[in-house]
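Here is a briefing on one protein chain.

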Amino acid sequence: MKISIIIPVYNASHYLRECLDSILSQDYADPYEIILVNDGSTDDSLQICQDYEKKYSCIIVLTGKNGGVSAARNKALDVVRGEWLAFVDADDKMLPEALQTLYQRAQMTGADIVLANAVKWQDGKYSKPILSLPNETLPNVILRIKHFALWGYFVRRDFIQDNGIRFVEGLAYSEDRIFIYRLARYCRTIAYTSKSVYAYRINPASACHSKNGLRKAKHHFMAAFHLMQVANGYKQENKMIFNHLCKEAQHVMDLGIYQMLEQNVSWSDLKEAKAFFDKLLSGKQVCACKFRTYAIKDYLTIQRRKIIKFKK
């Protein structure tokens, strides 16, 4: 089995068929499998998964109670058989020749991770490529990560399984970033391709468009905590990588506060977020800037952008 494609599914009945058809129509001759993990959907998603499983032998359906996207992906990682793994969200799709492009790039370069380009997709229209990627292969993978969502990545299964790498369950934001950095520790080279293989749907109902600013902040703070743990693995052996990951953790903290303030958060939510931040992160080395510093800076940035938008 050359490739396994992992798709977590939660209430995606409006988009799932289009997603699956985009993969099943790929011009790729070698065996591959699609693992659908129904994460406690309450719509028709499970029925759609089962209908496709009956029709196509390459599809495997796993199902269970709702545990979140990380738990769903971990469930799939326990059963994957492919030499290479790709991750797809159920409301997105793969572009034509995606699997062939990814696999050929992996074979040609001998890299441990391949990162391809993607486009945004809304109302049937595609954007320009999202990333600016050179067609090259580079060492020092952990310093070369250019993208922090899993779409577009093609990774070797044995690096994941041999090192026990899994997603942080219960984490709904920045979980991809942690997984990618954990994996990068064991990879020697990363190959890029400028060709787009993935269409990322702009979906107002997706988790990234949630209006729950407090929840976003807490999840980003938890993600920063886990990034600090990754950083600590380099504290003695490589100061450059340690400092790089500390800056990444700071960025994730800042992102959490910014996204919370974007939602006109209440004072009670702001106090709760600060208490959570202080309990989880205060006193850690990466917290050179404290909660108030981030909050003031982000608030001023948001207000400035509002003024600019109003003038336009």
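**Helix packing and selected residues**

The axes of helix 7 (residues 213-232) and helix 8 (residues 239-261) cross at roughly 175° and come within 7 Å. Angles over 145 degrees count as roughly antiparallel, so helix 7 is roughly antiparallel to helix 8. By class, their contact has 18 nonpolar, five polar and two charged residues. The model is a predicted one.

**Helix 3 against helix 6**

- Two packed helices are described by the angle between their axes and the distance between the axes.
- Helix 3 (residues 69-77) packs on helix 6 (residues 175-184) at an angle of about 40°. Their axes are 11 Å apart.
- That angle makes helix 3 oblique to helix 6.
- The crossing of the two helices, helix 3 and helix 6, is right-handed.
- Helix 3 brings Val69, Ser70, Arg73 and Leu77 to the contact. Helix 6 brings Glu175, Asp176 and Phe179.
- The residues of this contact divide into three nonpolar, one polar and three charged.

**How helix 3 is covered**

- Helix 3 is mostly covered, with seven of its nine residues buried.
- The buried residues are Ser70, Ala71, Ala72, Arg73, Asn74, Ala76 and Leu77.
- Strands take part in the cover, including strand 1 (3-9), strand 2, strand 3 (59-64) and strand 4 (84-87).
- Helices take part too, including helix 5 (157-162) and helix 6.

- Ser45 is found in helix 2. Ser45 is buried, because its relative accessible area is 0% and buried means under 20%.
- The side chain of Ser45 reaches the backbone nitrogen of Ser13 at 3.2 Å.
- Not counting residues up to four places away in sequence, Ser45 touches Val9, Asn11, Ala12, Ser13, Leu16 and Asn38.
- Asp43 lies in the loop between strand 2 (32-39) and helix 2 (45-55). At 27% relative accessibility, Asp43 counts as partly exposed.
- The side chain of Asp43 reaches the backbone nitrogen of Ala12 at 3.4 Å.
- Beyond residues up to four places away in sequence, Asp43 touches Asn11, Ala12 and Ser13.
- Asp43 and Pro134 are 91 residues apart along the chain, and their C-alpha atoms are separated by 41 Å.
- Asn38 has its place in strand 2. With 3% relative accessibility, Asn38 counts as buried.
- Which side chain does the side chain of Asn38 meet in a polar contact? The partner is the side chain of Thr63, at 2.9 Å.
- Leaving out residues up to four places away in sequence, Asn38 touches Val9, Ser45, Leu46, Leu62, Thr63 and Gly64.

**Leu143**

- Leu143 is found in the loop between strand 8 (137-138) and strand 9 (153-156).
- Is Leu143 buried or partly exposed? Leu143 is partly exposed, with a relative accessible area of 29%.
- Leu143 touches Met240, Ile241 and His244, not counting residues up to four places away in sequence.
- The C-alpha atoms of Leu143 and Ala184 are separated by 8.9 Å. Along the chain, these two residues are 41 residues apart.

**Backbone: positive phi**

- Most residues other than glycine have a negative phi.
- Glu97 has a phi near 70°, a positive value in a residue other than glycine.
- The place of Glu97 is in the loop between strand 5 (93-94) and helix 4 (98-109). Glu97 counts as partly exposed, at 38% relative accessibility.
- Ser174 has a phi near 65°, again a positive value in a residue other than glycine.
- The loop between helix 5 and helix 6 holds Ser174. Ser174 is buried, with a relative accessible area of 16%.

Methods. Residues are numbered from 1 along each chain as its sequence is written. This is a predicted model: local features need pLDDT of at least 70, side-chain atom pairs count only at pLDDT 80 or more; totals for chains, interfaces and linings use all residues. Side-chain values use heavy atoms; hydrogens and water are left out. Axes are lines fitted to C-alpha atoms, for helices over the stretch in contact, and angles run from 0 to 180 degrees between N-to-C directions. Helices (H or I, at least four residues) and strands (E, at least two) are DSSP runs, numbered from the N terminus. Angles under 35 degrees count as roughly parallel, over 145 as roughly antiparallel, 65 to 115 as roughly perpendicular and the rest as oblique. A crossing is left-handed if the near helix is turned anticlockwise from the far one by less than a right angle, and right-handed if clockwise. Contact means heavy atoms within 4.5 Å. Ala, Val, Leu, Ile, Met, Phe, Trp, Tyr, Cys and Pro count as nonpolar, Asp, Glu, Lys and Arg as charged, and the others, Gly among them, as polar. Buried means under 20% relative accessible area, exposed over 50%, partly exposed in between (1.4 Å probe, protein chains only). A polar contact is a pair of N or O atoms within 3.5 Å; within protein, one must be able to donate a hydrogen and the other to accept it, and residues adjacent in sequence count only if both atoms are side-chain atoms.
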